[in-house]
Each structure stands twice: as structure tokens, then as C-alpha cells.
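I opened a notebook for a structure that is new to me. The entries follow the order in which I looked things up.

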Amino acid sequence: MSPAPAPLHIRQATVDDVDRLADWAVAMALETEHKQLDPGTVRLGVRAVLDQPGRGIYYIAERAGEAAGTLMLTYEWSDWRNGDWWWIQSVYVAPGHRRQGVYAAMYEHVRAAAQARPDVCGLRLYVEHANANAQRTYESLGMADAGYRMYEAALPKR
């Protein structure tokens, strides 16, 4: 029987994490959506969140000092609920740390933080239709399909 993995530590990302976060975002887009992102654009996007906290926040899970995964939160105001939805985005768990509770630990960290804030009405995320593994993970943590389809109208790069 193999020893239990070391406990996870969840921390807020800093500017020192920009390269890792951008690399993981590029890897996640390729793995889950078969999209090749421009690494330079992604690095600027990650840095924009870290420089302007109103845009969101990144968390990093570490095990024995090694970065194991990340997620980003962004915020959406709900006039129906007079509160913010926290959107979980940019989820990535490094291959060597998968199926070891990394996402579950990050989710629990975020859920507890949200529950402690009266101005947060809930957590949301979106997932690719074909990503059945991720859907099972989210459902196992108590999340449910909200019944929405997502539409977008991308604007040309300016």
C-alpha cells in the first residue's frame, strides 16, 4: 500500500506565479477544448487579474511545496439575489497530481470563503459538454447542472 499523499495547502497566487498560471491555462485549453492559445496574450491576461483584484483572484494548491493545481474566481453581480456569483474558471490540475483530491480541496477552500461572505450568493462554473469526467467531479462535490446554455459573440481583436 502506498503512503497517503502529503496534505494540500491552498494559497492566493502572486505575480511570481504568472508564468506557471499562463502555462497551465494554455495546457488546459489544449487538453479540454483542443484550442491553441497565444501564450503571450494569456500571460497578459493572468497578470491583469493579479494587478486588478476586482477582476478576480487565482488560487494555487501546493503539496509538499510543489504546485499541484489552480483555479481562478471571477465575479458576476446578480440583481435577482442582491449578491455576487463567484465563477470558478481556469481550473487545472497538474498531471502528476490528478485524482488525488486537488480540485476538491480548492473547491472546498473557495466554498468556505464564499459561505463566510453574506454578499456571495453562490458558486458557478461552466464545463464543456463532452467533459464527462469534470462533470462527475463537480456533481460529486454537490454542484448541479443549472440548466443554462452559454452563448457568446466574440469581438474582433482591437
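**Entry 1: Thr41**

In which helix is Thr41 found? I located Thr41 in helix α2, which covers residues 39–51. Helices here are DSSP runs of H or I with at least four residues, strands are runs of E with at least two, and both are numbered from the N terminus.

Before going on I noted that this is a predicted model, in which local features need pLDDT of at least 70 and side-chain atom pairs count only at pLDDT 80 or more, while totals for chains, interfaces and linings use all residues. Residues are numbered from 1 along each chain as its sequence is written, and side-chain values use heavy atoms, with hydrogens and water left out.

I then looked for a partner of the Thr41 side chain and found Asp38, in a polar contact of 2.7 Å. Such a contact is a pair of N or O atoms within 3.5 Å; within protein, one must be able to donate a hydrogen and the other to accept it, and residues adjacent in sequence count only if both atoms are side-chain atoms. I also checked Thr41 against Thr137, 96 residues away along the chain, and their C-alpha atoms are separated by 30 Å.

**Entry 2: salt bridges**

I searched the whole structure for salt bridges and got 10. The criterion is a side-chain nitrogen of Lys or Arg within 4 Å of a carboxyl oxygen of Asp or Glu. Side chains of opposite charge can pair when their charged atoms come close.

One of these joins Arg43 and Asp19, at 3.1 Å from N to O. This pair links distant parts of the chain, since Arg43 is in helix α2 and Asp19 is in helix α1 (residues 18–33), 24 residues apart. Arg43 is partly exposed because its relative accessibility is 24%, and Asp19 is partly exposed at 47%.

I looked next at Arg47, which forms a salt bridge with Asp51, with the closest N and O atoms 2.9 Å apart. Both are in helix α2 and four residues apart, so about one helical turn separates Arg47 from Asp51. Arg47 has 37% relative accessibility and counts as partly exposed; Asp51 is also partly exposed, at 45%.

Glu33 is partly exposed at 27%, and Lys35 is partly exposed at 44%.

**Entry 3: nonpolar cores**

How many residues has the largest nonpolar core? I found 22, and Leu71, Leu73, Tyr103 and Met106 have the most contacts inside it. A nonpolar core is a set of buried Ala, Val, Leu, Ile, Met, Phe, Trp, Tyr and Cys residues joined through side-chain atoms within 4.5 Å. The elements giving two or more residues to this core are β2 (57–63), β3 (66–78), β4 (83–93), α3 (102–115), β5 (120–125) and α4 (132–140). With six residues, α3 gives the most.

I followed Leu71 and left aside its neighbours within four places in sequence; its contacts (heavy atoms within 4.5 Å) include Ile57, Ile88, Val91, Tyr103, Met106 and Val110. A second, separate core has 17 residues, among them Ala13, Val18, Leu21 and Met72.

**Entry 4: aromatic rings**

I counted five aromatic pairs in the structure. Rings of Phe, Tyr and Trp (its six-membered ring) pair if their centres lie within 6.5 Å; planes under 30 degrees apart are stacked, over 60 edge-to-face, and the rest tilted.

Trp24 and Tyr92 make a tilted pair, 5.6 Å centre to centre with 35 degrees between the planes. Trp24 lies in helix α1 and Tyr92 in strand β4, so the pair ties together parts that are 68 residues apart in sequence. Both Trp24 and Tyr92 are buried.

My last item was the cluster: Tyr103, Tyr107 and Tyr138 form one aromatic cluster.

Definitions and conventions:
Buried < 20%, exposed > 50% of the residue type's maximum accessible area, 1.4 Å probe, protein only.
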